[in-house]
Amino acid sequence: MGEARRIVVKVGSSSLTTAAGGLDADRVDALVDVLAKVRSGGERELVLVSSGAIAAGLAPLGLARRPRDLARQQAAASVGQGLLVARYTASFARYGVRVGQVLLTSDDMSRRAHHRNASRTLDKLLAMGAFPVVNENDTVATDEIRFGDNDRLAALVAHLVHADLLVLLSDVDGVYDGDPARPGTSRIAEVWGPEDLAHVDIGSAGKAGVGTGGMVTKVEAARIAAAAGVPVVLTSAVHAGDALAGADTGTYFHPTGRRSADRLLWLQHASTPQGALTLDDGAVRAVVERRMSLLPAGIAGVEGEFSAGDPVELRDRAGRPVARGLVNFDAKEIPRLIGRSTHDLARDLGPAYEREVVHRDDLVVLHP
């Protein structure tokens, strides 16, 4: 932990705002003090994934609590995001550090060009000495293209920037083997794999009521990052300095897997399928066992309305999802392709149809 050079830090709304809505300047400054100190020597690079836009916009708009409807959430985010980045800009300015804002949706990350742009922007900000502050683009994100919580976004950003460590800051100082408010429970210091938490009842709600994530989303984010080869520390915001210094604090998730292609991780964990393709038994074996592309001849059915480039779910004949991928054809084109060879399609419909429906480079297997 103490030797990590590139670190992604995620902080939640409850650590930055009041329960009634509105930014807590002292809390923001306290976090910035820690982050600025860590990067002051120039040997460590940090990216901050910060929630708080919607929560910050509640009080200015006269909202007593986080709205449930998407339109008012977007309005609150529009007001709050400006306040949030302005607060960070002013706070980091005390140390002569410039802030760069990066707003993302899951749709951005599952498409090649958008994914490359996000990666290039973050790398360039770090190279130029700026401090990237990342948030979900709540102002324009719809239910279909939302990450759902910034914990998962942070795990994916950690993989995107090839981070050496992900630090998830919460209002609880780690994962406990029971309700941390009750006596007799103890902090779980290390997690080597999912089996270590198999019998732990993890709560789902945060204390402050202004965010969307709870301990469940944080543990899931930790598992995503660990499976992608990124170690994770989950602790409270007040212990951020200790975590970044490598001290024994919070819960440490050991890496459980290796790094994979960036877009495939985003495709698996951040995309929402816009439709589904049913595969025959041979195609299921080809895709799952042999890691091959999906050809028209292996398709047995199609559902939903989608366009070329959209994520779709690949299912077996029993309806079980076996993979997810980016499709190369519109939904309305698929029926006339079903069961046919690419050679026949090229002859009858033209050379543009002599290709895969889902290329193996744009495909992730869900159940090996």
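Helix α6 (residues 150-160) is mostly covered, with ten of its eleven residues buried. Buried means under 20% relative accessible area, exposed over 50%, and partly exposed in between, using a 1.4 Å probe and protein chains only. This is a predicted model: local features need pLDDT of at least 70, side-chain atom pairs count only at pLDDT 80 or more, and totals for chains, interfaces and linings use all residues. Residues are numbered from 1 along each chain as its sequence is written, and side-chain values use heavy atoms, with hydrogens and water left out.

- The buried residues of α6 are N150, D151, L153, A154, A155, L156, V157, A158, H159 and L160.
- Helices (H or I, at least four residues) and strands (E, at least two) are DSSP runs, numbered from the N terminus.
- H162 lies in the loop between α6 and β5.
- Phi of H162 is near 55 degrees, a positive value in a residue other than glycine.
- H162 counts as partly exposed because its relative accessibility is 44%.

**Strand β5**
- Strand β5 (residues 165-170) is mostly covered: six of its six residues are buried.
- L165, V167 and L169 point one way from β5, while L166, L168 and S170 point the other way.
- Five bridges join β5 to β1, and the two strands run parallel.
- In that pairing, V11 stands opposite L169.
- Five bridges also join β5 to β7 (residues 232-236), again in parallel.
- Here V167 stands opposite V233.

**The sheet**
- Eight strands form an open sheet in the order β3-β4-β2-β1-β5-β7-β8-β6, with mixed pairing.
- The edge strands are β3 (99-104) and β6 (190-191), each of which pairs on one side only.
- Two strands pair if DSSP finds at least two bridges between them.
- Strands of a sheet pair through backbone hydrogen bonds, either parallel or antiparallel.
- Two bridges join β6 to β8 (residues 251-253), and these strands run parallel.
- The bridge partner of V191 in β8 is F253.
- Helix α3 (residues 70-93) lies across β1 (6-11), β2 (45-50), β3 and β4 (131-136).
- The helix runs at about 155 degrees to β3.
- Axes are lines fitted to C-alpha atoms, for helices over the stretch in contact, and angles run from 0 to 180 degrees between N-to-C directions.

**Second largest pocket**
- The second largest pocket has a volume of about 340 Å³.
- Its lining holds 17 residues, of which S15, R27, S236, A237 and V238 lie nearest the centre.
- The elements giving two or more residues to this lining are α1 (25-39) and α8 (240-245).
- Helix α1 supplies the largest share, four residues.
- The lining divides into eight nonpolar, six polar and three charged residues.
- Ala, Val, Leu, Ile, Met, Phe, Trp, Tyr, Cys and Pro count as nonpolar, Asp, Glu, Lys and Arg as charged, and the others, Gly among them, as polar.
- On a 1 Å grid over the protein atoms alone, a pocket is an open set of points where a 1.4 Å probe fits, with protein on both sides within 12 Å along at least five of seven lines; lining residues have an atom within 4 Å of a point.
- Grid points are joined across faces, edges and corners, and a volume is the space filled by probe spheres set on the points.

**Elsewhere and overall**
- R291 is found in the loop between α10 (281-288) and β10 (299-304).
- Its phi is near 55 degrees, a positive value in a residue other than glycine.
- R291 counts as partly exposed, at 43% relative accessibility.
- The protein has eleven helices and 13 strands.
- Of its 368 residues, 50% count as buried.
- Among contacts (heavy atoms within 4.5 Å) between residues at least 6 apart in sequence, 72% join residues at least 24 apart.
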